[in-house]
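I am opening a notebook on a structure that is new to me. I want to look things up one at a time and write down what I find.

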Amino acid sequence: MFSFELLLDAVVIGVLLGCFYAAVSLGLSISFGLLDVPHVAHPAFLVLASYAVYFLNEHYGVDPLLAGLLITPLFFLFGLFAYRLYYETFERRGSDAGVRGIAFFFGIAFIIEVLIIMQFGVDQRSVTADYVGKAWRIGEMRIPFRLVVAFVVAAALTILLTLYLSRTFMGRAIRAVAQDQEALRLMGANPIRIKQWAFGIATAVLGIAGALLIIVAPVEPTLDRTYIGRTFCVVVMAGLGSMSGTLVAAIILGVAETVVLTLFGASWAPAISFAMLLGVLAVRPQGLFGRRS
Amino acid sequence: MKRRTLLGGTIAVAVLGLTTAAIGQQAPIKIGMSMAQTGGLAGGGKASLLGIEVWRDDVNARGGLLGRKVELVVYDDKSSASETPAIYSKLLDVDKVDILFAPYATVPTAPLMPLVKQRGMLLMGNFSFQVNSKVGHDMWFNNAPWGPADSWASSFLDLGQKAGGKTIALLAADQEFAQNLAKTAREVATKLGMQVVFDQAYPPSTVEFSGILRALKAAKPDIVYVASYPPDSAGILRAVNEIGIGDNVKLFGGGMVGLQFGTVMENLGSLLNGVVNYNTWLPEPQMYNDGTKAFFEAYTKRAVEAKVDPLGYYLAPYGYANGQMIEQAIKAVGSLDQKALAKYLREKTHKTIVGSITFAADGEWKETGVVQAQFRGIKDKNIEQFRSPGKQVILFPAKMKSGDLITPFEAARK
């Protein structure tokens with residue numbers, strides 16, 4: 001059943017949903033896009049952050065977004081540790097290539113999943129906040145507040161990360177290490193420390209993104225499996241390492257998914273992300289916003 | 001004389017000791033199963049397993065079966081259909097179990113049906129839906145109160161029709177269980193002369209349901225029949241609360257899995273009000289049988305420690321009842337012969353904590369025991385409220401009825 005009203009609704013919700021996808025993908029855009037680390041545990045880190053937010057909200061009544069901000073420093077430290085562990089056990093020995101690096105992060109993801117189950121059980125968990133469960137009414141259209149929150153936070157994160165990577169010394173160093181690690185070493189900088197810092201930033205971003213995840217929908221320990229395909233799809237489609245590209249690619253994906261879901265049938269929706277990815281890679285192998293190497 | 005008495009006594013004690021040791025040393029009766037302990041079905045799987053474990057401890061406290069202890073051999077199937085055939089092959093060939101219990105739910109059970117039939121094993125089902133309809137295994141006994149295939153949908157759509165509903169929207173997860181429900185709902189709708197104005201299957205990975213519900217709302221149905229799995233049910237109800245479903249909807253719900261679990265109900269709180277959904281056991285006076293109260297006392301004590309559903313109404317008593325039925329069969333037959341046990345299970349009526357159970361030829365319950373109940377007066381963040389009667393008013397079946405339907409749906413939500 002087609003109507004312009006329904007199409008407009010789908011586009012608006014798609015933009016908001018896309019912003020949410022961007023927020024949960026930005027960390028991966030740094031770790032995988034810029035650092036070339038096969039970080040398949042990214043969605044598991046995200047779910048872990050959601051549970052930390054749940055804990056603060058449930059036991060101390062902390063607002064989920066504030067809880068996301070509070071855990072950010074801890075996640076930064078967790079990121080520093082995780083990268084150091086990966087570097088010492090795989091990268092330094094040159095055994096990070098191919099499936100071995102992926103196996104390391106799969107192992108981490110599995111451990112996180114089991115730890116969450118042991119601590120919180122297998123049931124779904126959600127948070128309470130004034131903006132969860134309410135909608136903003138514009139004429140006949142109703143927009144869930146939780147998606148508006150995702151939109152605002154994703155936009156803010158994208159702007160902050162773009163500015164950080166382009167205007168600060170450390171940000172430029174991160175971009176440099178992504179382009180030519182050896183050249184950076186010749187200039188006297190330690191690329192490993194820069195990569196470790198960048199991985200810390202990527203993980204810290206997940207603190208906020210994890211808050212959004214549990215604001216948008218309830219979480220359960222194995223939710224990471226739902227997001228692994230989508231987040232990698234967004235980052236690769238954007239062009240590895242582009243923050244604004246990640247936002248745009250995620251919005252394109254969100255709109256396409258929602259329009260298909262609303263107007264053409266829900267069964268087709270999961271195929272959309274990968275069909276679009278294949279289409280983009282066929283036309284622009286470097287992604288929508290990537291530069292040719 | 002004294003020496004003889006002493007000798008005789010010594011021999012008697014030794015013989016008695018040896019006999020006792022022999023019984024104690026007899027290999028236990030192994031009951032093998034996989035159970036979802038991780039993944040989307042884990043909430044139900046863990047509660048079901050705890051119900052079975054309570055039975056195991058009870059039966060062992062009574063001296064076991066055939067003079068042997070009962071032991072459970074359980075593997076996590078991760079809620080995945082791809083895991084179960086290999087697990088059940090291992091249970092049969094490596095662990096050499098004596099009895100098989102099926103995993104919780106339709107999706108993990110369906111792929112192991114051909115294997116079990118080929119090996120000629122009895123299988124006690126655990127809340128599957130119509131997994132034997134095409135396989136035709138004559139040693140399948142599904143302990144789930146669904147009854148005849150169409151009774152689930154008929155009970156819901158009958159209520160809708162009596163409320164004046166003429167059009168129906170179907171929203172179902174794109175997987176075995178939900179699609180089976182949707183199929184029977186289509187058939188029942190046709191039989192009742194209802195028009196299906198919306199019929200969609202959504203993928204299990206769907207994150208946001210606002211878009212689907214907008215399309216559903218635009219179709220202006222009178223009745224909305226939802227067949228969803230736990231992660232989706234919460235998302236659907238949230239979206240309903242935010243964007244509305246339309247004033248013309250008289251009845252909403254039907255087949256939403258998840259709305260029976262304590263933590264999900266606690267999280268959704270007042271969003272549940274007005275929803276009419278299926279259930280298998282509720283704390284209404286008419287649903288208690290011999291042993292039900294004692295079971296829930298034992299379950300509730302262990303549930304907190306085991307971090308499983310604190311209420312356990314949906315699956316746990318049926319796990320216990322599965323044990324009760326196999327216990328009755330083994331005691332009556334006096335052996336573990338699969339065909340003899342199956343014959344007993346097929347021909348007799350079994351008294352359990354969830355009521356008397358008789359199986360039809362296809363291995364399903366002969367009569368439906370599913371109730372359709374409407375959530376009423378639910379408050380946010382309070383799990384204890386669900387232990388009181390009256391929070392889920394039973395509308396179907398007539399013999400269990402505890403109230404009348406409040407309609408339309410928007411009025412019932414207030």
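My entries below go from confidence to chain contact, domains, sheets and helices.

**Entry: ground rules**

I note that this is a predicted model, in which local features need pLDDT of at least 70, side-chain atom pairs count only at pLDDT 80 or more, and totals for chains, interfaces and linings use all residues. Residues are numbered from 1 along each chain as its sequence is written, while chains are lettered from A and ligands numbered from 1 in the order in which they are written.

**Entry: confidence**

I checked pLDDT, the predictor's confidence in each residue, from 0 to 100. Chain B averages 91. At least 70 is reached by 94% of its residues. Residues 15–23 of chain B stay under 50. For that stretch the model has one contact beyond four places in sequence. Two residues are in contact here if their C-beta atoms, placed from the backbone, lie within 7 Å. For the complex, the predictor gives an ipTM of 0.81 and a pTM of 0.82.

**Entry: where chain A touches chain B**

I counted the two sides: 32 residues come from chain A and 38 residues from chain B. I then looked up which elements of chain A give two or more residues to this contact. They are helix 1 (4–34), strand 2 (141–144), helix 10 (243–264) and helix 11 (269–283). Helices (H or I, at least four residues) and strands (E, at least two) are DSSP runs, numbered from the N terminus. Helix 1 of chain A gives the largest share of that side, five residues. By class, the side of chain A has 16 nonpolar, 11 polar and five charged residues. Ala, Val, Leu, Ile, Met, Phe, Trp, Tyr, Cys and Pro count as nonpolar, Asp, Glu, Lys and Arg as charged, and the others, Gly among them, as polar.

**Entry: domains of chain B**

I looked up the domain assignment of chain B. It gives domain 1 (28–145 + 288–357) and domain 2 (151–279 + 376–412). Such bounds come from an automatic or database domain assignment. Taken over C-alpha atoms, the centres of the two domains of chain B are 28 Å apart. Their contact takes 14 residues from domain 1 and 16 residues from domain 2. On the domain 1 side, helix 2 (42–61) and helix 4 (106–109) of chain B each supply at least two residues. That side has eight nonpolar, five polar and one charged residues.

**Entry: the five-stranded sheet**

What is the strand order in the open sheet of five strands in chain B? I read 2-1-3-4-5, with parallel pairing. Two strands pair if DSSP finds at least two bridges between them. Strand 2 (70–76) and strand 5 (140–142) of chain B are the edges, each with a single partner strand, so one side of each has no neighbour in the sheet. Neighbouring strands are turned by 20° against each other on average, direction ignored.

I followed the bridges across. Strand 1 (residues 29–35) and strand 3 of chain B are joined by two. B:Gly32 has B:Leu100 as its bridge partner there. Strand 3 and strand 4 of chain B are joined by three. B:Tyr104 is partnered with B:Asn126 in strand 4. Three bridges also join strand 4 (residues 123–126) to strand 5 of chain B. B:Leu123 stands opposite B:Trp140.

Is strand 3 (residues 99–104) of chain B buried or exposed? Six of its six residues are buried, so this strand is largely enclosed by the rest of the structure. Buried means 20 or more other C-beta atoms within 10 Å of the residue's own, with C-beta atoms placed from the backbone; exposed means 12 or fewer, and partly exposed lies in between.

**Entry: the seven-stranded sheet**

I found a second open sheet in chain B, in the order 7-6-8-9-10-13-14, with mixed pairing. Strand 7 (195–202) and strand 14 (392–396) of chain B stand at its edges. The twist averages 25° from one strand to the next. Strand 8 (residues 223–228) and strand 9 (residues 251–256) of chain B pair in the parallel sense over six bridges. B:Ile223 has B:Leu251 as its bridge partner.

**Entry: helix 8**

I finished on helix 8 (residues 210–218) of chain B. Eight of its nine residues are buried, among them B:Ile212 and B:Arg214. Just after this helix, B:Lys220 takes a positive phi of about 50°.

Notes. Axes are lines fitted to C-alpha atoms, for helices over the stretch in contact, and angles run from 0 to 180 degrees between N-to-C directions.
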